[in-house]
Amino acid sequence: MSTDPLIDRLATDLRPVRRRTPWRDAAILLVLGISEVAWVIMTGLMRPDMPHAMHMPSFWWKTAGLAALASISGVTALLSLSPTHSPRRGLRVVGGVAFVMLGLGWLVDALQAGPAVLWHRLDPAHGLVCARKIVELSLPVALALGLLARRGAPTDSRGTAWAAGIAASAFGALTFALACPFDDPLYLAVWYLSAGVVVTLATRLILPLLTRW
């Protein structure tokens with residue numbers, strides 16, 4: 001069979017789709033993130049000691065670090081939906097930012113930590129609840145990125161899945177940070193990271209199955 005008839009045969013049943021743009025996809029994620037933050041504020045979940053927390057270096061370490069991870073991984077995930085972009089470089093930047101964030105966390109911990117007992121600092125009873133809520137808040141963004149990925153044409157589906165999982169978990173953690181009263185870097189490193197690992201691994205396993213050509 002020659003090329004032209006083959007192309008016509010393959011394209012016969014195809015339906016036109018709306019051309020996607022990274023800016024529109026980014027706007028969708030931004031509106032979704034703002035909606036989640038508004039939901040936290042309107043439902044009274046905002047931590048009651050917010051005025052005091054805003055004077056704590058650990059609060060700004062947590063908020064700024066998560067915002068940077070959410071932004072970089074989100075942009076990486078959206079750009080990877082184009083067949084001409086690979087998410088590998090963005091993933092390396094995300095890994096570097098996470099490493100720097102953890103290092104700064106230990107520095108903040110060393111500057112403000114008292115003689116707290118390790119088990120008391122980890123507080124597993126609250127930590128498990130925090131991790132579960134971060135996973136729940138990550139699901140809308142993970143679902144949105146999954147739908148956007150199905151409309152895109154990622155050539156590195158595994159890399160896209162990694163980026164989408166990191167972005168979703170970072171968005172969820174950033175939203176939950178506004179309600180979470182814990183600022184202990186050790187607590188955050190253990191429970192926030194645990195929730196992020198769960199969301200990222202789940203996205204990595206599921207998303208390539210949904211975006212397979």
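Q: Leaving aside neighbours within four places in sequence, with which residues is Leu81 in contact?
A: In this predicted model, Leu81 is found in the loop between α4 and α5. Its neighbours within four places in sequence are left aside. The residues in contact with Leu81 are then Arg20, Asp25, Leu148, Ala149, Gly152, Ala153, Pro154 and Thr160.

Q: Is Leu81 buried or exposed?
A: A residue counts as buried when its relative accessible area is under 20%. Leu81 has a relative accessible area of 2%. Leu81 is therefore buried.

Q: What distance separates the C-alpha atoms of Leu81 and Thr63?
A: Thr63 is among the residues of α4 that make the contact with α8, whereas Leu81 is found in the loop between α4 and α5. The two residues are 18 residues apart along the chain. Their C-alpha atoms are separated by 27 Å.

Q: Are α4 and α8 roughly parallel or roughly antiparallel to each other?
A: Helix α4 spans residues 57-79 and helix α8 residues 157-177, and their axes are 8 Å apart. The two helices pack at an angle of about 150°. Angles over 145 degrees count as roughly antiparallel. The relation of α4 and α8 is therefore roughly antiparallel.

Q: Is the crossing of α4 and α8 left-handed or right-handed, and how many nonpolar residues does the contact have?
A: The crossing of α4 and α8 is left-handed. Residues making the contact include Leu66, Ala67 and Leu69 of α4 and Ala163, Ile166 and Phe171 of α8. By class, five residues of the contact are polar and one is charged, while the nonpolar residues number 14.

Q: Are α7 and α9 roughly parallel or roughly antiparallel to each other?
A: Helix α7 (residues 124-151) packs against helix α9 (residues 185-210) with the axes 9 Å apart. The angle between them is about 30°, and angles under 35 degrees count as roughly parallel. The relation of α7 and α9 is therefore roughly parallel.

Q: How many nonpolar residues are in the contact of α7 with α9?
A: α7 passes α9 in a right-handed crossing. The residues of this contact include five polar and one charged. The nonpolar residues number 16.

Key. Residues numbered from 1 in each chain as written. Predicted model: local features only at pLDDT ≥ 70, side-chain atom pairs only at ≥ 80, totals over all residues. Heavy atoms only, no water. Axes fitted to C-alpha atoms, helices over the stretch in contact; angles between N-to-C directions. Helix = DSSP H or I, 4+ residues; strand = E, 2+ residues; numbered from the N terminus. Parallel < 35°, antiparallel > 145°, perpendicular 65-115°, else oblique. Left-handed = near helix turned anticlockwise from the far one by under 90°. Nonpolar A, V, L, I, M, F, W, Y, C, P; charged D, E, K, R; others polar. Contact = heavy atoms within 4.5 Å. Buried < 20%, exposed > 50% of the residue type's maximum accessible area, 1.4 Å probe, protein only.
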